[in-house]
Amino acid sequence: MTRPSFDTHSPAWRALEALRPGAHATPLAQRFAADADRAARFSATAAGLTLDYSKNALDEAVLAALVALAAERQVDGLRDALLAGERINRTENRAVLHMALRAPQGAGFAVDGVDVMPAVVAVRERMLAFAESVRSGEWTGHGGEAIRDVVNIGIGGSDLGPRMACEALAAEAAGGPRMHFVSNVDGHALAGVLDALQPETTLFVIASKTFTTLETMRNADSARAWLLDAGLPRAAIARHFVAVSTHAEAVSAFGIDTANMFGFWDWVGGRFSMWSAVGLSLAIAVGEAGFRALLDGAHQMDRHFAEAPLAANLPVLLALVGLWNRDFLGYPSLCIAPYAEPLARLPAYLQQLEMESNGKSVRLDGEAVGVPTCPVIWGEPGTNGQHAFFQLLHQGTDVVPVDFILPLRPSHGLPDHHRLLLANGIAQSKALMVGRSAEAVRSELAAAGRSADEIARLVPHRTFAGNRPSNTILLPDLSPRSLGALIALYEHKVFVQGALWGINSFDQWGVELGKQLAGGIADELAGGPAGAHDGSTAALIARAKAALDDDAA
């Protein structure tokens, strides 16, 4: 379908602009004091997850105007076009159909009138069968030994999703091999992993769609050399390397048996690919049942996104609140604070998902967007963040919205720890909202016996403005099903915000220029002819080349 033109003069946008001055007229704490049902009215549940967005500077009028904007921007129609397999990625002329990857057989997803589900299911079943053969010890290395370590070599979407999920679901991975991930071309990353492994019991999963990704193939070449330098014959490559790729010729030339190549399709974007064969390492880690539960959780969120009305649709609500905070209240960043140590990689995963998708300044029609788009995404797990950057969240000069993510049940046997963890997460969202008044600080200090002069000196430092926004997302637990629903929630949020801004959330041209320039500079550092550069770049190349030449001498 044709997207409507982005228009900041439209009725819904103007209505939101008119409501903006009143956003902070009534502080959040007063809103709650005046409305006992506020939390219930500004919360929604789907696929086992609960989103509480009541601690944001909005009311029914703002929410209604935001929903009207989504309707005006035809989010529901664009969603239907997405799910129908239309080529909504117009700059690359591709469909965007990662939802098919987690759908059950017979779901009916199609591209250009061709049902994609038979091919999806065939790859899925073959991948899961291979994963189980590695976990069970049926698949062995060249010398007949079971695989004890699996190394995923990929970058971007071929690393962040599987790595994040493997760490998040580590409690599900009992009985399987140890998992390792290498993405950075920095040799410290690969060397640090290989130093602890034995070639005879190691399996490498090389994830590169074209089998030409610079960082991935440099790491893969070095891993292959490590294997051969250990004395294994070249024939051993076929037992110790498998590929997630679509380039059979390059895979075969590397030494991998194409029978152990697992493909995917051009309608699967890298940052949306963990549900495909790119998730092979994850499937090996959590096993077939765990991987299927992950897919099912995501599919349940997909169904909710497809069927729920805009005003009760979790991804739509999360996107609309984010747009309100970004474009109308002017908040430039979003902190992701998972209160679960296994979700330590979630902020990094969401950085790519959101910033690579919606870090755009040009609309699909080629014109400038004209308003801020994706905020800077960052964060760390609680409670660690409380002893680091939360000081800025509470008293800094920038207001930073926070997404608190709390699994209600732990994956460990230390309930007292989890009780304290939940208490901290809930307390932080409350503290950001209510703050602490000067009067409260004076009373507290006076009760502690402080002098009048000392009270006057300390009050400004101990006062918190509060009124700082946050969402809280509750998961029933940190199971594969809950994680699948959580990731799908954010995926669809990205799509909705892209639709609202009129941008293409599914290309990433901004990452290409640096890749192109790096190839030429790498040739220069290896002794090739000098290129045409600005003075700074030329000087940096000269210094780097001198250091490399000294090391080689």
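User: What should I know about the model before we start?
Analyst: It is predicted, with local features needing pLDDT of at least 70 and side-chain atom pairs counting only at pLDDT 80 or more, while totals for chains, interfaces and linings use all residues. Residues are numbered from 1 along each chain as its sequence is written, and side-chain values use heavy atoms, with hydrogens and water left out.

User: Which residues sit on each side?
Analyst: Asp-149, Val-151 and Ile-153 lie on one side, and Val-150 and Asn-152 on the other.

User: How many bridges join it to strand 6?
Analyst: Five bridges join strand 5 to strand 6 (residues 178-182), and the two run parallel; pairing requires at least two DSSP bridges. Met-179 is the bridge partner of Val-150.

User: And strand 7?
Analyst: Strand 7 (residues 202-207) also pairs with strand 5 in the parallel sense, over five bridges, with Ile-206 as the bridge partner of Ile-153.

User: Switching topic, what does the side chain of Glu-354 make a polar contact with?
Analyst: Its partner is the side chain of Lys-493, at 2.9 Å; a polar contact is a pair of N or O atoms within 3.5 Å, where, within protein, one must be able to donate a hydrogen and the other to accept it, and residues adjacent in sequence count only if both atoms are side-chain atoms.

User: Why does Glu-354 count as buried?
Analyst: Because its relative accessibility is 1%.

Definitions and conventions:
Buried < 20%, exposed > 50% of the residue type's maximum accessible area, 1.4 Å probe, protein only. Helix = DSSP H or I, 4+ residues; strand = E, 2+ residues; numbered from the N terminus.
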